[in-house]
Amino acid sequence: MRRAVYSGPPGQDPSELFDIYPAPRPGHGGFVENTGNPIGTKERRFVHQDGDWHRAVHVWLTHPRTKSIVLQKRSKYKDTNPNKWDVSSAGHITHGDGSSDTAVKEVEEELGLEAGGLPMEYLFTAVSQFSTDRVACNEFQDVYLVELGGEQSDYRFDRMGKTEVSDVSFVPISLLRQRLDEANVDFVARPEQYRKRFFEILRSRYGEV
């Protein structure tokens, strides 16, 4: 049977295919070294309905000289956490795509930056579970860091993907850490283990943040 042509917001196509993976082993501590091999393929709508484990990327863009970080405000069209401030860029790894290629693609699509030449560094893979009355999202999140050079004004984000992102802003890293620690409702929550490891990495590079 032919699939219906999707005409909604990009990144929300319910028929796009995800590889699905075994659940992480007990005692993972919030991180995994390897997700293992996929055990099947399923459409997005069923993955989020059934709570299957799948893969995604997070890309954090920092400006080390000013100890600031890029945040995106998620579009009102997103099926999870609409209208909230979130990681600089993120997206699911679809069937047949790789992690680093997806990271580059998401930065280009969401922020409008030419990401192929950016210094993108893999940090860790986090285990994430999130659910609402409509969605059960269980993810292995490959987390990347991009350290931006030059001036903040060099990065205008005027070509951002407005159907997925409604705003982009530099904020002090210390402000993001504070908002996440206090579980501010305007920000997408991150597990304690994720926050601790991520901000420890930034502190080791930039000093107190």
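Helices (H or I, at least four residues) and strands (E, at least two) are DSSP runs, numbered from the N terminus. That naming places E164 in the loop between β8 (136-147) and β9. This is a predicted model, so to speak: local features need pLDDT of at least 70, side-chain atom pairs count only at pLDDT 80 or more, and totals for chains, interfaces and linings use all residues. Residues are numbered from 1 along each chain as its sequence is written, and side-chain values use heavy atoms, with hydrogens and water left out.

**The α3/α4 pair**

- Two packed helices are described by the angle between their axes and the distance between the axes.
- Here, helix α3 (residues 173-181) and helix α4 (residues 192-206) have axes that come within 12 Å and cross at roughly 160°. Axes are lines fitted to C-alpha atoms, for helices over the stretch in contact, and angles run from 0 to 180 degrees between N-to-C directions.
- α3 and α4 are therefore roughly antiparallel to each other (angles under 35 degrees count as roughly parallel, over 145 as roughly antiparallel, 65 to 115 as roughly perpendicular and the rest as oblique).
- On the α3 side the contact uses I173, L176, R177, L180 and D181, and on the α4 side R195, F199, L202, R203 and Y206. Contact means heavy atoms within 4.5 Å.
- Sorted by class, the contact of α3 with α4 has six nonpolar, no polar and four charged residues. Ala, Val, Leu, Ile, Met, Phe, Trp, Tyr, Cys and Pro count as nonpolar, Asp, Glu, Lys and Arg as charged, and the others, Gly among them, as polar.

**Buried spots with polar contacts**

- E164 is buried, at a relative accessible area of 7% (buried means under 20% relative accessible area, exposed over 50%, partly exposed in between, with a 1.4 Å probe and protein chains only).
- The side chains of E164 and K78 are joined by a polar contact of 3.2 Å. A polar contact is a pair of N or O atoms within 3.5 Å; within protein, one must be able to donate a hydrogen and the other to accept it, and residues adjacent in sequence count only if both atoms are side-chain atoms.
- S88 sits in the loop between β5 and β6 (89-92), and is buried with a relative accessible area of 0%.
- A polar atom of the S88 side chain lies 2.5 Å from the backbone oxygen of V70.
- Beyond its neighbours within four places in sequence, S88 has contacts that include V59, W60, L61, E110 and L111.

- F170 is part of strand β9 (residues 165-172) and counts as buried at 17% relative accessibility.
- Setting aside neighbours within four places in sequence, F170 is in contact with H63, S68, I69, V70, L148, Q152, Y155 and F157.
- G51 is in the loop between α1 (44-50) and β3, and counts as buried at 15% relative accessibility.
- G51 and S131 are 80 residues apart in sequence, with 8.6 Å between their C-alpha atoms.
- Not counting residues up to four places away in sequence, G51 touches F46, A136 and N138.

**Positive phi values**

- Most residues other than glycine have a negative phi.
- K67 is not a glycine, yet has a positive phi of about 50°. K67 is in the loop between β3 (53-63) and β4 (68-74) and counts as partly exposed at 33% relative accessibility.
- N81, also a residue other than glycine, has a positive phi near 50°. N81 lies in the loop between β4 and β5 (85-86) and counts as buried at 16% relative accessibility.
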